[in-house]
Amino acid sequence: MAPALPPLGDVIRRYGLEARRKLGQNFLLDLNLTGRIVRAAGDLEGVNVIEVGPGPGGLTRALLDTGATKVTAIEKDERCIAALDELAAAYPGRFEIIRGDALEINVEALTPPPRQIVANLPYNIATPLLLRWLKRINNIDRLTLMFQKEVGDRLTAAPGSKAYGRLSVVTQWLCEARHDFNVSNTAFTPPPKVASSVVTLFPRPEPLALASWPALEAVTAAAFGQRRKMLRASLRKLGLNPAALGIDPTARAEDLDVEEFCVLARAYAEIC
Ligand code: SAM
């Protein structure tokens, strides 16, 4: 049975956790919503969960109420640590708090597999955090993450859509991306300016097609950097001729699927 815990509002007042914008603090106090995020993460029985930014611990509580073996949470704000220590005492041996910057920590150093990341991310560093995890994706079994909606849309965007861009290509190259649900800004304390969405990423056993990260980064940067230009123009500076690779030279970046970007990346790796 879940231990009796004080309401989150009391925790925030008692430990003086007024939200700080520079730490991307928008707290979730609604237990229905934290439960919904955890359900989107799937069956956590036997899983080592890593949470980034537990804050006052709302989502953490919902994670601890699953069959997860352990929840390891990385928090940068020292003010939250005392509040979280109280939660750790309520779940002996199942909750560990790591003080530090998630941008400098390798999750594989924290817990053994199977590992899942579940987090309501600080939006100011959500994209760099995701890129860090994607670069070491073999270490992670699944990620269920709250982003600002505009970023969440990019992760799941299909070719031809406005949101499709560099982040869509690199994410979908390595993972299947599923949009779970949107969350109104009024669900947070304090409310952020924008709506949010929860996305689950399922790492692929192998990348969708052969390519190296730096080459894929280079071709997507060149193509999407001049989004409105035809590929024959935007890729010229990389020395690539799309037509010679079977790719329509009059297409634009948003028309190409991930495999086609990988064709370009392989060709670029050969000449650079
Ligand atoms: N999980 C809590 C919730 O849902 O109510 C808080 C989420 S809040 C959007 C983001 C959290 O990330 C804050 O607790 C903030 O202090 C923490 N944070 C911000 N930057 C961080 C960093 N670089 N490393 C670890 N935690 C960070």
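**Pockets, cavity and selected residues**

1. The second largest pocket is lined by 14 residues, and those nearest its centre are Arg-21, Gly-24, Asn-26, Pro-192 and Lys-193. The model is a predicted one, in which local features need pLDDT of at least 70, side-chain atom pairs count only at pLDDT 80 or more, and totals for chains, interfaces and linings use all residues. Residues are numbered from 1 along each chain as its sequence is written, and side-chain values use heavy atoms, with hydrogens and water left out.

2. The volume of the second largest pocket is about 310 Å³. Its lining comprises six nonpolar, five polar and three charged residues (nonpolar: Ala, Val, Leu, Ile, Met, Phe, Trp, Tyr, Cys and Pro; charged: Asp, Glu, Lys and Arg; polar: the others, Gly among them). A pocket here is an open set of points on a 1 Å grid over the protein atoms alone, with protein on both sides within 12 Å along at least five of seven lines; lining residues have an atom within 4 Å of a point.

3. The largest pocket holds about 430 Å³ of space. Of its 29 lining residues, Leu-23, Gly-24, Gly-53, Glu-75 and Pro-122 lie nearest the centre. Two or more lining residues come from each of β1 (27–28), β2 (48–52), α3 (58–64) and β3 (70–75) (DSSP runs: helices H or I of at least four residues, strands E of at least two, numbered from the N terminus). By class, the lining of the largest pocket has 14 nonpolar, ten polar and five charged residues.

4. There is one cavity of 30 Å³ or more, a cavity being a set of points where a 1.4 Å probe fits but cannot get out. The largest cavity has a volume of about 70 Å³. Leu-5, Pro-6, Val-11, Pro-56, Arg-61, Ala-83, Glu-86 and Leu-87 line it, and helix α4 (residues 78–90) contributes the most, with three residues. Six of the lining residues of the largest cavity are nonpolar, none polar and two charged.

5. Ser-168 belongs to helix α7 (residues 166–174). Ser-168 is buried, because its relative accessibility is 0% (buried means under 20% relative accessible area, with a 1.4 Å probe and protein chains only). A polar atom of the Ser-168 side chain lies 2.8 Å from the backbone nitrogen of Gly-165.

6. The count of disulfides is zero, a disulfide being a pair of cysteine sulfur atoms within 2.5 Å. For Cys-262, the nearest cysteine sulfur, that of Cys-175, is 13 Å away. Cys-262 is buried at 0% relative accessibility.

Notes:
Buried < 20%, exposed > 50% of the residue type's maximum accessible area, 1.4 Å probe, protein only. Polar contact = N/O pair within 3.5 Å; in protein donor to acceptor, adjacent residues only side chain to side chain. Points joined across faces, edges and corners; volume = space filled by probe spheres on them.
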